[in-house]
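My entries follow in the order I made them.

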Amino acid sequence: MTYTFSDRPGWDAMFRQGELTLGLMYPLESYSGAVPRLDVAEQVEQSVLADQRGFAALWARDVPLLDLSFGDGGQLYDTWVWLTHIAAKTSRIALATGSTVLPLRNPIDIAKAAASLDQLSGGRLVIGAATGDRGVEFPAYGLNRDHSGELFRQSVTTIRRLWGEDFPDVDSVYGTLRGTDLLPKPVGRRVPLLVTGNSRQDVEWIAEHGDGWLMYPRPVVQQRMITTAWQQATPEWKPFAQSLYIDLEEDANGVPKPIHLGFRSGWKALLDHLGQLHDIGVNHVAINLKYGRRPAPEVLQEIAENVLPHFPTVFPETAKVH
């Protein structure tokens with residue numbers, strides 16, 4: 001079943017069939033090593049500007065523990081706390097998790113935190129959900145990583161029942177629920193959930209149970225094969241999103257050079273690449289600035305002026321920027 005989410009401004013900002021929008025991944029800065037500087041006042045300032053400029057979404061990572069082998073601690077703060085702080089400072093832009101590691105937490109806690117943020121932000125939340133890929137996390141939580149695929153499926157089912165039903169009877173590996181209910185319920189009693197990567201599931205399961213698919217960046221030729229498989233698995237349209245690491249050069253005509261999970265180039269090559277992603281069916285791109293060499297505020301302004309107008313966000317009429 002495909003949900004339209006017509007009452008959810010975050011979803012409406014990010015996703016439209018046949019269109020591509022742009023989001024930003026926290027931290028909104030470039031940094032070397034695993035731990036960002038993360039000046040909170042600066043991050044808030046850039047978040048407000050992103051909202052005003054018309055970016056579609058702000059993405060926060062779920063990184064409970066620092067694993068130096070991955071080289072990235074995300075935005076450091078807890079995902080739900082951080083996005084609630086950002087929600088209070090912004091008004092239109094979608095708030096997305098990229099991605100919430102479902103197997104590590106009790107689904108009651110995830111459902112409660114997500115519904116709370118969703119209500120406080122006026123329905124701007126979109127969840128990217130994953131099984132988790134950092135080996136240090138599972139033993140720290142007393143879990144076996146080999147079970148993460150089954151835990152993921154049970155968590156998705158339980159969370160949606162907690163949102164959508166009153167006093168549901170739930171039996172899962174996480175526990176037994178009888179005679180009690182979860183409050184608050186999210187806007188429309190369902191928060192959009194994008195499955196990240198394969199999350200140890202096949203494409204058919206993702207197409208049936210996910211509201212969309214969040215994928216890692218790949219060369220356009222390879223990504224086309226994945227978007228084609230997604231379109232074949234979803235006769236009723238569901239969106240396809242991906243991340244992209246960029247290092248924007250001062251020379252607007254700079255030619256692309258590969259970096260980890262992305263490329264270094266001028267803004268014209270970035271614009272061309274995004275146009276190709278649009279043409280193969282990508283609906284949203286979350287830009288990550290970690291490996292950039294220029295100040296992030298300068299890069300974000302350049303993207304807003306030269307690239308964003310080609311991929312505009314259409315906000316609901318009720319959404320008013322501060």
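**Entry 1: backbone**

I began with Pro-184, which is found in the loop between β6 (175-177) and β7 (193-196). I take helices (H or I, at least four residues) and strands (E, at least two) as DSSP runs, numbered from the N terminus.

Before going on I noted the ground rules. This is a predicted model, in which local features need pLDDT of at least 70 and side-chain atom pairs count only at pLDDT 80 or more, while totals for chains, interfaces and linings use all residues. Residues are numbered from 1 along each chain as its sequence is written, and side-chain values use heavy atoms, with hydrogens and water left out.

Next I looked up Pro-27. Pro-27 lies in the loop between β1 (21-25) and α2 (40-53). The peptide bond from Tyr-26 to Pro-27 is cis, with omega near -5°.

Then I checked phi. Phe-5 is not a glycine, yet has a positive phi of about 55°. Phe-5 sits in the segment before α1 (9-14). Why note these cases? Most residues other than glycine have a negative phi, and most peptide bonds are trans.

**Entry 2: α2 with α3**

I moved on to helix pairs. The axes of α2 and helix α3 (residues 79-89) come within 10 Å and cross at roughly 55°. That makes α2 oblique to α3. My axes are lines fitted to C-alpha atoms, for helices over the stretch in contact, and angles run from 0 to 180 degrees between N-to-C directions. Angles under 35 degrees count as roughly parallel, over 145 as roughly antiparallel, 65 to 115 as roughly perpendicular and the rest as oblique.

The crossing of α2 past α3 is right-handed. Right-handed means that the near helix is turned clockwise from the far one by less than a right angle, and left-handed means anticlockwise.

Who makes the contact (heavy atoms within 4.5 Å)? From α2 I listed Val-40, Gln-43, Val-44, Ser-47 and Val-48, and from α3 Trp-82, His-85, Ile-86 and Lys-89. By class, this contact has five nonpolar, three polar and one charged residues. Ala, Val, Leu, Ile, Met, Phe, Trp, Tyr, Cys and Pro count as nonpolar, Asp, Glu, Lys and Arg as charged, and the others, Gly among them, as polar.

**Entry 3: α4 with α6**

Helix α4 (residues 107-120) packs on helix α6 (residues 148-164) at an angle of about 50°, with the axes 9 Å apart. The two are therefore oblique to each other. α4 passes α6 in a right-handed crossing.

On the α4 side I found Pro-107, Ile-108, Ile-110, Ala-111, Ala-114 and Ala-115, and these meet Ser-155, Thr-158, Ile-159, Leu-162 and Trp-163 in α6. The residues of this contact divide into nine nonpolar, two polar and no charged.

**Entry 4: pockets and cavity**

I worked on a 1 Å grid over the protein atoms alone: a cavity is a set of points where a 1.4 Å probe fits but cannot get out, a pocket is an open set with protein on both sides within 12 Å along at least five of seven lines, and lining residues have an atom within 4 Å of a point. Grid points are joined across faces, edges and corners, and a volume is the space filled by probe spheres set on the points.

How much space lies in the largest pocket? I read about 750 Å³. Of the 36 residues that line this pocket, the closest to its centre are Arg-61, Gly-98, Asp-133, Arg-134 and Tyr-216. β3 (94-101) gives the most to the lining, with three residues. Its classes come to 14 nonpolar, 13 polar and nine charged residues.

The second largest pocket has a volume of about 150 Å³. Among its 13 lining residues, Gln-17, Gln-231, Trp-237, Gly-281 and Asn-283 lie nearest its centre.

Last, I looked at the largest cavity, with a volume of about 30 Å³. Its lining includes Ser-30, Asp-247, Arg-293 and Arg-294. Strand β9 (residues 240-248) supplies the largest share of that lining, three residues.

Note on methods:
Contact means heavy atoms within 4.5 Å.
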